[in-house]
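Colleague: I am new to this structure. Could you take me through some of the terms used for it?

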Amino acid sequence: MSPALAPGVLVEQRFELVTRMGDRGYGESWKALDRRFKNRVVMLKFLRPVPGVELPEDLNDHINSLRALKHNQVLAVVGHGLFQSTPFLVHEYFEGRSL
């Protein structure tokens, strides 16, 4: 079951959803404001469940590996969490056209 996502929803008492950016690939993306950092704009990616595939128990290890990845053509992962049992990634936000 996917979480109830809509503009104004507060995720983890920290991220305020602003605009739905898309729904493809492995999840749904939202532009959000990080209230802990003076409303810094970020992107939240809510991971889509895949039938028959369980998230690895060591998801934190995988996410920490993504956080360590630094490349000028890859959006940095700056955090992660769970919202209504749905895992999400927090990415730096980049204004640009859809690929």
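Colleague: Where is Leu69 found?

Modeller: Leu69 is in the loop between helix H1 (59–68) and strand S5 (77–83). Helices (H or I, at least four residues) and strands (E, at least two) are DSSP runs, numbered from the N terminus. This is a predicted model, in which local features need pLDDT of at least 70 and side-chain atom pairs count only at pLDDT 80 or more, while totals for chains, interfaces and linings use all residues. Residues are numbered from 1 along each chain as its sequence is written, and side-chain values use heavy atoms, with hydrogens and water left out.

Colleague: Why is Leu69 called partly exposed?

Modeller: Buried means under 20% relative accessible area, exposed over 50%, and partly exposed in between (1.4 Å probe, protein chains only). Leu69 has 43% relative accessibility, so it counts as partly exposed.

Colleague: What makes Phe15 and Phe88 an edge-to-face aromatic pair?

Modeller: Rings of Phe, Tyr and Trp (its six-membered ring) pair if their centres lie within 6.5 Å; planes under 30 degrees apart count as stacked, over 60 as edge-to-face and the rest as tilted. The rings of Phe15 and Phe88 are 6.2 Å apart centre to centre, with 80° between the planes, an edge-to-face pair. Phe15 lies in strand S2 (residues 15–24) and Phe88 in strand S6 (residues 86–92), so the pair ties together parts 73 residues apart in sequence.

Colleague: Why does Phe15 count as buried?

Modeller: Phe15 counts as buried because its relative accessibility is 3%. Phe88 is buried too, with a relative accessible area of 1%.

Colleague: Which residues form the aromatic cluster?

Modeller: Phe15, Phe46, Phe83 and Phe88 form one cluster.
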